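Student: Hey, can we go through this one together? I'd like to ask things as I spot them.
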Amino acid sequence: MKIKRVFVTAVFVTLAFILSACAMGPRAVGAPGLSADGEMVYVSNKQFVYAVNAKTGTQVWSYPSKASTQIVFYAPPVVNEDGVYVGDLANNFYKLDKATGAELWKFSGAKGWFIGQAAIAMQTIYAPSADHSMYALNINDGSLAWKYETDHQIWSQPLALGDKIIVSSLDHFVHAVDEDGVEVWKTSLNGALVGAPVSNETMDMVFAATIGNSLYGLDASSGDVKWQFDATSGLWATPLYTQENLLVCDEAGKIYSVNPKTGELVWTIETGSKVMGGLLAIEGGFVIVTEDGNVRAYDFERKSPWNVKLTGEIYSTPVKTDENIIVGLMNSEVLLVGINLQGTQVWSFTPGK
Amino acid sequence: MWQTIIVNPFTNVLLAITLVVQNFGVAIILFTILIKLITWPLTTSSMKAAQSMQQLQSDPRYKKIQEKYKNDKEKFAQEQMKLYKELGVKPMGSCLPNLIQLPIIIGLYQSIIKGMAATPYELLNLERIVYSFLDSNKLLPLQNKFLWMDLGQPERLSVFGVQIPVLAIIVVLTTFLQSKLMQPPTTNPNDQGAAFSKAMNLYMPILMGWMAYSLASGLALYFLISNIATIAQYAIMGKVNWKNLFTFGPKPASAPVSSRQNQVKPTKPEPVVIDEDEDDEEEEVEKVGKPSARSMVKQRRPQMKKKK
């Protein structure tokens, strides 16, 4: 009888161990989050943040040094000359040393995951959280200056626009707050905002895309809707404002060029593939990434000088360094691919190799 | 296949309920109860079969076989099967309905996870499975606040700055209650099933509590409602052994009132004659326990006629 009890106990302990191992840690699947400066690319993926040399594709450092089931990164890091700033799914936000990846400070005051990329303006980091708040943190020590609460999760990068911070939340609102975190205006749109708001060079307009198929032009000072453009499917990616062109791509893979002043359609391109990752500005044109692994360049005449087909799926917005375009992949053996501006793949990066 | 047949329809039902009640937490509660109602016949069937098995183990003929072939497991198994057949007891009768329920429960669990879409990638995948008659733009993403909880995060209630995992504690208590209240009475102190149940009483609450503590509170809410609904279901069917609540030592042989109705009727103790001649065993077993066996399966097989 004793043997049986020991056996039953052993079975339960084993089961508890296995199930609790499964239970531990955040349960979420996300696309790798990318950012870059001149020579380096930084990528958040699963349990690590990697710094990769953008010329060679070799890993420079990774954070943390040891994988933990409790720590998962999907928010794209943000970089300045002092450090790399990134949040995780354990509700922590970090500043990492740019050269070594060493942790310089950690903010643990949030109650939700960090899904979206933070923004830097002056000496403040604006970190959007899934706990419905945007946290304004002191860039030097990570201390909380203020937080601004919304009614839903914030997944997109805030936009520092003059003396205002523009942030969109999943409850269909675009919010503008001043440098002290006091609300200046908020405007309700027709759907959740997953992509970040962007602005034009004169900073008098804010462009925001919703998964309710619409692109809006808002007055930056009042939040009033100046115009609304309706696409045929959801707008998941951040719009791109470049060289006086306002571009947006819908989920069905249709690229729209919209007049930024009036919201009128200028032209469209059918990519033929679904798109979530979005658009990247390059000299004389732009690059679009599609879910089925295509990286395609276009000029503003709508001609495509090159297309690279990668093995894997692309859900992340690509980034650009001095020489290369970097693409993050899902369901692929490699995590990153470097493509030069002529459309030739120059390297790939697989963590641990 | 699994996604199309089970997870996607479940997720859409969950979303439809959310659309009606405008609250994902309430939708999880209602959906869990709905699934309990749908699987009610399976639970009933499983419970009856388990009860028959339990009763069989206190049957004199079973005990006799057990005693006689304690050193010959193969022969014991053969005789046991004969007895099952004779009494119309289906040894898989309690497992099968549970196995059928398993995909439903897993589907429910997965649909809740899917509904909580926590990243843009997960939300995109959720949006793509929403049926066209549901307005996904109006519905998504789901609001994850419910009472004091963020349904996408492990639950903690802050009381004077102390973070208390209230939901996990309640899940531990309800899992313990569920195990205790549904534990059938046993007359056999060496009963393996009873030993297993005892271990379950101890480990399951800890296991479920740990999962409720560490997983998103939306799932912990599901565990809690599932426990409460199961206890309620058994209580409605009169199968809850309330006396078990106050029993912490070895189990008494007596059965609770609620389950006596289906218990073997106390028959006149007939002499148990164990014939050493194996050829006569079958006949002898039949002779010894027949009245008891009939009374036992009477409710389950009313068409069974008495042999004389």
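Student: Okay, how many bridges join strand S19 to strand S20 in chain A?
Tutor: There are 5 bridges between S19 (residues 214-219) and S20 (residues 225-230) of chain A, and the two strands run antiparallel. Keep in mind that this is a predicted model.

Student: Which residue does Ser214(A) stand opposite?
Tutor: That's Asp230(A), in S20(A).

Student: And what do S19(A) and S20(A) form?
Tutor: A hairpin, with 5 residues between the two strands. In the turn, Gly223(A) has a positive phi of about 85 degrees.

Student: What's the strand order in the sheet?
Tutor: In chain A it goes S17-S18-S19-S20, an open sheet of 4 strands with antiparallel pairing. The edge strands are S17 (198-199) and S20 of chain A, and each pairs on one side only.

Student: How many bridges are there between S17(A) and S18(A)?
Tutor: Those two pair over 2 bridges, in the antiparallel sense, with S18 covering residues 205-209 of chain A. Val198(A), for instance, has Phe207(A) in S18(A) as its bridge partner.

Student: Switching to chain B: where is confidence lowest, and where is it highest?
Tutor: Helix H12 (residues 257-260) of chain B is lowest, at a mean pLDDT of 40, while helix H7 (residues 120-129) of chain B is highest, at 94. Over residues 251-308 of chain B the pLDDT is below 50, yet that stretch has 96 contacts in the model beyond near neighbours in sequence.

Terms used: Residues numbered from 1 in each chain as written. Chains lettered and ligands numbered in written order. Predicted model: local features only at pLDDT ≥ 70, side-chain atom pairs only at ≥ 80, totals over all residues. Heavy atoms only, no water. pLDDT = per-residue confidence, 0-100. Contact = heavy atoms within 4.5 Å. Pairing = 2+ DSSP bridges.
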